[in-house]
Amino acid sequence: MKQLDLAFTDESGKSKTHFRLDDANEALTATTVAELMQKLIALEIFINKKGQKMFVAPVAARYIETHETPIFTAE
């Protein structure tokens, strides 16, 4: 499975917050993803326990692929 991982700085500027989406389109351009990240920031709906905005500035975007390797299966 591939996930789209979007990283942002929070309002404190000290921490990174990640927003992950499963089964994202793998043909997204950097421009499209950057625009999406700006739209998430503009929503201002993600707040941490300290009352600070979690998404303030985009840091990075990447695809993360997870591979599973079965060890055994009980029948």
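Biologist: What volume does the largest cavity have?

Modeller: Good place to start, and please keep in mind that this is a predicted model. A cavity is a set of points where a probe fits but cannot get out. Here the largest cavity has a volume of about 30 Å³. The structure holds one cavity of 30 Å³ or more.

Biologist: Which residues line the largest cavity?

Modeller: Its lining is made up of Leu40, Ile41, Glu44, Ile45, Phe46, Lys53, Met54 and Phe55. Sorted by class, six residues of this lining are nonpolar, two are charged and none is polar.

Biologist: Phe55 is on that list. How do I read aromatic pairs, and how many are there?

Modeller: Look at the ring centres first: two rings pair if their centres lie within 6.5 Å. By this rule there are four aromatic pairs. Then look at the angle, since planes under 30 degrees apart count as stacked and planes over 60 as edge-to-face. Take Phe8 and Phe55: their ring centres are 4.3 Å apart and their planes meet at 25°, so this pair is stacked.

Biologist: Where in the chain do Phe8 and Phe55 sit?

Modeller: Phe8 belongs to strand E1 (residues 2-9), while Phe55 is in the loop between helix H1 (30-43) and strand E3 (57-65). They are 47 residues apart, and the pair links distant parts of the chain.

Biologist: What kind of pair do Phe19 and Phe55 form?

Modeller: That one is edge-to-face, with 5.8 Å from centre to centre and 85° between the planes. Phe19 lies in strand E2 (residues 16-22) and Phe55 in the loop between H1 and E3, so the pair ties together parts that are 36 residues apart in sequence. Ring pairs link Phe8, Phe19, Phe46 and Phe55 into a cluster.

Biologist: Last one! How many bridges join E1 to E2?

Modeller: For strands, look for bridges and for the direction in which the partners run. Seven bridges join E1 to E2, and these strands run antiparallel. E1 and E2 form a hairpin with six residues between them, and Gly13 in the turn has a positive phi of about 80°.

Terms used. Residues are numbered from 1 along each chain as its sequence is written. This is a predicted model: local features need pLDDT of at least 70, side-chain atom pairs count only at pLDDT 80 or more; totals for chains, interfaces and linings use all residues. Side-chain values use heavy atoms; hydrogens and water are left out. On a 1 Å grid over the protein atoms alone, a cavity is a set of points where a 1.4 Å probe fits but cannot get out, and a pocket is an open set with protein on both sides within 12 Å along at least five of seven lines; lining residues have an atom within 4 Å of a point. Grid points are joined across faces, edges and corners, and a volume is the space filled by probe spheres set on the points. Ala, Val, Leu, Ile, Met, Phe, Trp, Tyr, Cys and Pro count as nonpolar, Asp, Glu, Lys and Arg as charged, and the others, Gly among them, as polar. Rings of Phe, Tyr and Trp (its six-membered ring) pair if their centres lie within 6.5 Å; planes under 30 degrees apart count as stacked, over 60 as edge-to-face and the rest as tilted. Helices (H or I, at least four residues) and strands (E, at least two) are DSSP runs, numbered from the N terminus. Two strands pair if DSSP finds at least two bridges between them.
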